[in-house]
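Have the picture open while you read.

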Amino acid sequence: MAERYSSFAPGGTSWLLQRVTAAFLIVVLAFHFFLLHFVNHAADITFAGSAARMAEWGYYATMILFLVTATFHGVNGVYNALINQGLDGTTKTVVKWGLIVAGLLLIAQGIRLANVLAGGA
Amino acid sequence: MSRATAQYDRGAIEDFGRWREFTAGMWAWVFHKFTGWVLIGYLFTHIAVLSTAMSGPGAFTSTIQGLEGQAIVRVLEVGLLAVAVFHILNGVRLLLVDLGLGLEHQDRAFYASLILTAVIAVASVPVFVEGAF
């Protein structure tokens with residue numbers, strides 16, 4: 001077997017979703033960085049500019065999908081990294097639900113924020 | 001038997017005290033984990049900072065421009081770019097490994113990820129620090 005290190009047991013739903021979200025995030029994270037640092041400079045960002053971008057439904061939908069996939073990918077990655085470190089038993093269950101709640105709260109707050117920006121244009 | 005197909009016990013990668021014995025693939029694993037932790041930590045921070053929009057347009061704009069006015073933030077942003085670029089490039093490498101493509105070159109792909117990350121980060125410095133110093 002070649003040198004291969006992964007925190008995920010191949011074949012599971014979590015494994016597949018981690019890779020599907022990865023493929024999406026590779027493109028969208030690069031786009032996000034490029035748009036907000038090279039096309040628009042971060043120092044020039046204003047509420048009006050962000051609101052104008054978020055008022056475009058395609059941009060809004062992309063950002064919501066970006067938020068959801070990034071949160072899943074990150075939280076699932078942290079969970080599997082902790083399992084790698086030996087997380088087990090009750091602690092594993094507590095951490096799992098803690099991460100799920102934190103992820104859902106982040107998504108909810110991100111959607112509220114996107115809606116505020118989209119409504120401000 | 002080639003090195004890529006050699007079967008031997010490399011020990012647990014979590015046993016970081018053995019870092020001198022780590023191979024390229026193991027360093028890639030460590031760097032991918034580290035950059036992943038930074039990125040998820042940043043995502044929570046990013047949404048929290050942008051949430052100043054809830055307090056009105058003025059609060060949002062002054063928060064962003066106040067942060068961007070600090071040189072240390074600009075430097076940290078270059079670091080964030082490096083972290084994101086490495087995670088993306090090594091992520092592509094991992095997807096290829098999962099697809100069974102180029103397994104025999106996975107160590108060189110890791111070195112290429114590191115070099116390309118460094119080149120992109122250094123080339124981006126002028127854009128990121130413009131007007132900050």
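This is a predicted model: local features need pLDDT of at least 70, side-chain atom pairs count only at pLDDT 80 or more; totals for chains, interfaces and linings use all residues.

Of the 133 residues in chain B, 26% are buried. Now take the contacts in chain B between residues at least 6 apart in sequence: 71% of them join residues at least 24 apart.

Next, look at where the two chains meet. Here 35 residues of chain A are in contact with 40 residues of chain B. On the chain A side, α1 (13–39), α3 (57–84) and α4 (89–118) each supply at least two residues. The biggest giver on that side is α1(A), with 9 residues. What kinds of residues are these? Sorted by class, the side of chain A that touches chain B has 21 nonpolar, 11 polar and 3 charged residues.

Now zoom in on a helix of chain A, α2 (residues 47–54). Its buried residues are A:Phe47, A:Ser50 and A:Met54. Seen down the axis of α2(A), these buried residues fall within an arc of 70°, so they line one face of the helix. And what covers them? The cover includes α3 and α4 of chain A, together with α2 (57–68) of chain B.

One of those neighbours deserves a second look. The helices α2(A) and α4(A) pack at an angle of about 100°, with their axes 7 Å apart. Angles of 65 to 115 degrees count as roughly perpendicular, and α2(A) and α4(A) are therefore roughly perpendicular to each other. Here's who makes that contact:

| Helix | Residues in the contact |
|---|---|
| α2(A) | A:Ser50, A:Ala51, A:Met54 |
| α4(A) | A:Ala114, A:Leu117, A:Ala118 |

By class, this contact of α2(A) with α4(A) has 5 nonpolar, 1 polar and no charged residues.

Finally, head for the largest nonpolar core, which has 29 residues. Those with the most contacts inside this core are A:Leu113, A:Leu117, B:Ala53 and B:Ala84. Two or more residues each come from α1, α2, α3 and α4 of chain A, and also from α1 (24–50), α2 and α3 (71–98) of chain B. Which element gives the largest share of this core? That's α3(B), with 7 residues.

Leaving aside its neighbours within four places in sequence, B:Ala84 is in contact with A:Leu29, A:Phe33 and B:Leu39.

Notes: Residues are numbered from 1 along each chain as its sequence is written. Chains are lettered from A and ligands numbered from 1 in the order in which they are written. Two residues are in contact if their C-beta atoms, placed from the backbone, lie within 7 Å. Helices (H or I, at least four residues) and strands (E, at least two) are DSSP runs, numbered from the N terminus. Ala, Val, Leu, Ile, Met, Phe, Trp, Tyr, Cys and Pro count as nonpolar, Asp, Glu, Lys and Arg as charged, and the others, Gly among them, as polar. A residue is buried if 20 or more other C-beta atoms lie within 10 Å of its own, exposed if 12 or fewer, and partly exposed in between; C-beta atoms are placed from the backbone. The arc is that of the directions from the helix axis to the C-beta atoms. Axes are lines fitted to C-alpha atoms, for helices over the stretch in contact, and angles run from 0 to 180 degrees between N-to-C directions. Angles under 35 degrees count as roughly parallel, over 145 as roughly antiparallel, 65 to 115 as roughly perpendicular and the rest as oblique. A nonpolar core is a set of buried Ala, Val, Leu, Ile, Met, Phe, Trp, Tyr and Cys residues joined through C-beta atoms within 7 Å.
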